[in-house]
Amino acid sequence: MRKLRNIVLAGILVLAVTILTGCTTYNNFKATFFEETGLKSETIKIGVLEPQTGNDSKMGNEEIRGIQLAHKLNPNVLDKDIELIYADTQSSIYVAETAANDLVAKTPAVVLGSYGDTVTLIASQILGEAKIPAIAMTPTNPLITTNNPYYFRVSFTDDSQGKAIAHYVVEKLQYKHAAVIRMEKDDTTTDLVSKFKGRMRRLTNNQKCVPVTIDLKEDINDYTEYLQEIKDAKIKAVFMPVSLTTAQSVLTQAEELGMTNVDFIGPKDWHDDEMLQFAKKHPELKISVASDLVSHAEDKEAADAQTTSNYEQFVKAYKEEYLGAEPTEAAALAFDAYMIAVNAIETADGIDPDAVKEAMLTKTNFGGVSGHITFDETGEPKKPVNVDIVKDGMFVSVFTKN
């Protein structure tokens, strides 16, 4: 009887382990009782917090591509393998909290991500409480770094973007007036538009230098009346912090109205292959886009030689890895974020979070593929903002504001 009972108990134990092997509970059990007790991990973990599914998955996976390429080229630090651990936000602010907590439980040295300002704000609070250094790639909301001394950013903020575009209008295009087209009740562009207008007034010494501001309603798709107002006012520069989808509709109707002499300027969200494909079909339109990097310099002699070389090498490696695909700006920023994380771990000579954070703060002029990056005391990057035009089927940098 005792022998039979032992056999039954053994069977139950095997069944339990089999069931647990496929679930999160078992993974947590394993991490707690095996990896942290006696069997010390020989890897250094870097967390990847990104929307792998849902509406934002396209951009999330672009950032993942940049991280994975950097990891493939640089898989070790301090004589240890780097292990990428992933958490999917599912493009949801509700799932983002769980995803961030899951990463915290796995104790990564650094977390990279996420795409999307709102989910990154949620992650910022959680990672800040856990004191885990993190680097955001494309989000621009200043609160991400302001509210968390452990969070850094490799992309410029809305403040920098708005001011730089104003300088582009006045200094490069030589216009003293501009219009703004934005979405009604879109709070995410409030700061961007405010900084653009403020800098325009300062540069022109004219409080009425932005005489037309149009708030588009979400439920309309005929923009003729609004565009006609800009045309009648003879304004030649229009700043449009709207989505790429909305921009294409507005630009198509602007072309139909003969507004091919107007410079339409978009935020860095327009810096996408989808815009290049659109521009090929509408070659008469004048389109400019804010950019984190110098993809192709109009004046090669003025471009930074090291940055240009880094970017060219990155493009070559990216195309080899991803079957000839052109890298996006998000992928380039993610590549830089990974390299900065590795550099900080190496400089800190370990994964102590405070030491890694200090290493990021003290690193100056990190030579990435998106340019030279130095973080200020709040984790914001000191880096130039570029403005590109669409020319010959590609983005060409024509203006830089430090």
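What is the mean pLDDT of the chain? The mean is 88, and 87% of the residues reach 70 or more; pLDDT is the predictor's confidence in each residue, from 0 to 100. This is a predicted model, in which local features need pLDDT of at least 70, side-chain atom pairs count only at pLDDT 80 or more, and totals for chains, interfaces and linings use all residues. Residues are numbered from 1 along each chain as its sequence is written, and side-chain values use heavy atoms, without hydrogens and water.

Over residues 1-40, pLDDT stays under 50. Where pLDDT is low, the predicted coordinates should not be read in detail.

The elements below are DSSP runs numbered from the N terminus: helices (H or I) have at least four residues and strands (E) at least two.

| Element | Residues |
|---|---|
| Helix H3 | residues 57-73 |
| Helix H13 | residues 329-348 |
| Strand S12 | residues 366-368 |
| Strand S13 | residues 371-375 |
| Strand S14 | residues 381-382 |

The axes of H3 and H13 come within 7 Å and cross at roughly 45°; axes are lines fitted to C-alpha atoms, for helices over the stretch in contact, and angles run from 0 to 180 degrees between N-to-C directions. Residues in contact (heavy atoms within 4.5 Å) include Met59 and Leu73 of H3 and Ala330 and Met339 of H13.

The open sheet has 3 strands in the order S12-S13-S14, with antiparallel pairing; two strands pair if DSSP finds at least two bridges between them. S12 and S14 stand at the edges, each with a single partner strand, so one side of each has no neighbour in the sheet. H13 packs on this sheet, touching S12 and S13, and its direction makes about 145° with that of S12. S12 and S13 are joined by 3 bridges, and glycine 367 has histidine 372 in S13 as its bridge partner.
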